[in-house]
Amino acid sequence: MTVRVLAAVTGASWEPALVAALEGEASGLTVVRRCVDLPDLLAAAAAGTARAVLLSGELRRLDRDALSRLAAAGVAVVGLHTPGDPVAEARLRQLGIEQVHPADASPGELAAAVAAAVASPGRQSHAYGDPAAAVTGPDPSGAASAPVEAAAGPPSGRLVAVWGPTGAPGRTTVAVGVAAELAAAGTATLLADADVYGGTVAQVLGFLDEAPGLAAAARLANLGQLDLAGLARVAPVAAPRLRVLTGISRPDRWTELRPSALQQVWALARSLASWTVVDCGFSLEQDEELSFDTAAPRRNGATLATLAAADVVLAVGAADPIGVQRLVRALGELREALPGVTARVVLTKVRRAVVGSDPQIQLAAALERYAGVREVTFLPDDRDALDRALLEGRTLAEVAPDSPVRQALTGLAASLDGRPPPAARRRRLRR
Ligand SMILES: Nc1ncnc2c1ncn2[C@@H]1O[C@H](COP(=O)(O)OP(=O)(O)OP(=O)(O)O)[C@@H](O)[C@H]1O
Ligand SMILES: [Mg+2]
């Protein structure tokens with residue numbers, strides 16, 4: 001039995017030799033269509049006539065998005081490059097293609113590559129890409145604007161996604177606060193703004209430059225051109241050990257944060273920083289209208305991809321009856337969309353006026369009863385300190401180091417890192 005494949009190698013100098021080799025021998029592969037360009041390939045893939053495609057890295061407009069569509073159509077990918085061309089080979093790998101071979105490989109080798117690609121659909125679905133392939137070290141042009149810290153190395157960094165329901169509960173405050181405290185405690189940290197409804201991290205930190213670094217990184221990832229130096233270049237240093245990938249300031253730019261590209265960015269971020277803290281959008285809704293078309297971009301795809309990639313999810317809710325109700329509903333949606341993900345709950349803006357005396361006990365009881373949540377981290381309502389930080393575009397550590405909310409964020413950051421809470425916090429709690 002032969003495997004039906006598509007060939008998308010038009011224009012490559014080695015095309016005639018490859019096709020002749022595949023047609024000439026009993027290779028175990030049958031080329032059912034020679035696609036002239038990317039739209040032709042995507043249409044043939046969607047028609048379901050083939051299990052795999054042999055494609056050239058020179059195929060115009062080939063990017064991660066296109067590869068995601070091939071994966072969605074159930075078509076495995078084998079990338080072919082001009083023999084002895086390491087740049088072409090590296091580009092195919094940076095796009096996340098696992099099976100990459102020189103075009104003069106024998107028909108038997110190609111058949112084995114197709115079989116391997118078909119056998120591991122998870123790996124070729126570009127859900128995880130190949131971060132190692134993208135870690136090509138410092139840019140040979142030497143153009144990197146800021147040096148990559150010592151943390152650069154094997155992808156051992158962890159990722160925390162800060163997420164929560166609608167109603168501005170305080171996700172950005174928690175994300176910025178936790179990232180700033182991790183960095184202040186000596187950990188190389190990357191703060192990324194992936195809010196697809198318009199991010200505010202840049203504003204909170206007083207960045208005047210409007211260019212969204214995360215969108216730039218995602219664009220490079222989509223083109224298979226993102227490496228560690230490139231990521232560092234679009235993530236400026238905001239404070240010692242704290243890099244920032246700013247977000248899209250306008251909600252209509254959400255299409256620039258494609259999930260397949262973000263997965264690559266997060267994978268690489270693990271080599272750039274010990275912790276990557278991501279400020280996520282609030283919604284998980286999947287657009288029903290689009291659900292028949294698995295390849296159509298979805299606004300919340302970025303959030304889902306980030307939550308799925310995270311080592312820790314902080315679910316942030318406002319500590320009032322409305323905030324808690326929204327959080328309970330959101331946790332249910334999270335369970336449904338990503339059953340494997342467990343969130344750690346953070347309640348912010350804790351104050352007596354709206355909950356009654358002993359707000360922590362009452363809030364914890366409500367969350368346990370309605371969402372089965374056993375452990376809650378509380379952040380006090382501290383408008384004075386946060387207003388001061390926002391006004392100056394600086395971190396709490398700089399403008400209100402002893403404020404209650406900063407102390408609580410320091411404790412939260414320490415717990416992520418497996419450190420005991422700082423002494424000042426312990427004293428406060430004992431009193
Ligand atoms: N612990 C707190 N005490 C007092 N005010 C707070 C606290 N946390 C956040 N806020 C304030 O609440 C407002 C919303 O916070 P933030 O921007 O962090 O929320 P968000 O969930 O990121 O909202 P959005 O949906 O706009 O992204 C801000 O004005 C912020 O200063
Ligand atoms: Mg926000």
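Reader: How many helices and strands are there in the protein?

Author: The protein has 20 helices and 13 strands. Helices (H or I, at least four residues) and strands (E, at least two) are DSSP runs, numbered from the N terminus. Before you go on: this is a predicted model, where local features need pLDDT of at least 70 and side-chain atom pairs count only at pLDDT 80 or more, while totals for chains, interfaces and linings use all residues. Residues are numbered from 1 along each chain as its sequence is written, chains are lettered from A and ligands numbered from 1 in the order in which they are written, and side-chain values use heavy atoms, with hydrogens and water left out.

Reader: OK. What share of the residues in the protein is buried?

Author: Of the 431 residues, 51% are buried. Buried means under 20% relative accessible area, exposed means over 50%, and partly exposed is in between (1.4 Å probe, protein chains only).

Reader: And the accessible surface of the protein, what does that come to?

Author: About 19,200 Å², and 53% of that belongs to carbon and sulfur atoms. Accessible areas come from the Shrake-Rupley method with a 1.4 Å probe; for residues, only the protein chains shown count as cover.

Reader: What about contacts between residues 24 or more positions apart?

Author: They account for 74% of the contacts with a separation of 6 or more. Contact means heavy atoms within 4.5 Å.

Reader: Let's move to ligand 1. Which residues come nearest?

Author: Gly 170, Arg 171, Thr 172, Thr 173 and Asp 382, out of 14 residues around ligand 1. A residue is near a molecule or strand if one of its heavy atoms lies within 4 Å of it.

Reader: Which polar side-chain atom lies 2.6 Å from an oxygen atom of ligand 1?

Author: One from Thr 173. Arg 383 also has a polar side-chain atom 3.4 Å from a ligand oxygen, and a backbone N or O atom of Pro 169 lies 3.3 Å from an oxygen of ligand 1. A polar contact is a pair of N or O atoms within 3.5 Å; within protein, one must be able to donate a hydrogen and the other to accept it, and residues adjacent in sequence count only if both atoms are side-chain atoms.

Reader: How much of ligand 1 does the protein bury?

Author: Taken alone, ligand 1 exposes 630 Å², and the protein buries 80% of that. Helix 8 (171–184) and helix 17 are the elements giving two or more residues to the shell. The largest share, 3 residues, comes from helix 8.

Reader: Is helix 19 enclosed or open, and why?

Author: Helix 19 is largely enclosed by the rest of the structure, because 11 of its 13 residues are buried. Among them are Arg 406, Gln 407 and Thr 410. The end C-alpha atoms of helix 19 (residues 404–416) are 19 Å apart, which agrees with the 18 Å that 13 residues should span at 1.5 Å a residue. The expected span is 1.5 Å times one less than the number of residues. Just after helix 19, Gly 418 takes a positive phi of about 75°.

Reader: Last one: how many disulfides?

Author: The structure holds 0 disulfides, where a disulfide is a pair of cysteine sulfur atoms within 2.5 Å. Cys 35 is buried at 0% relative accessibility, and Cys 280 is buried at 1%.
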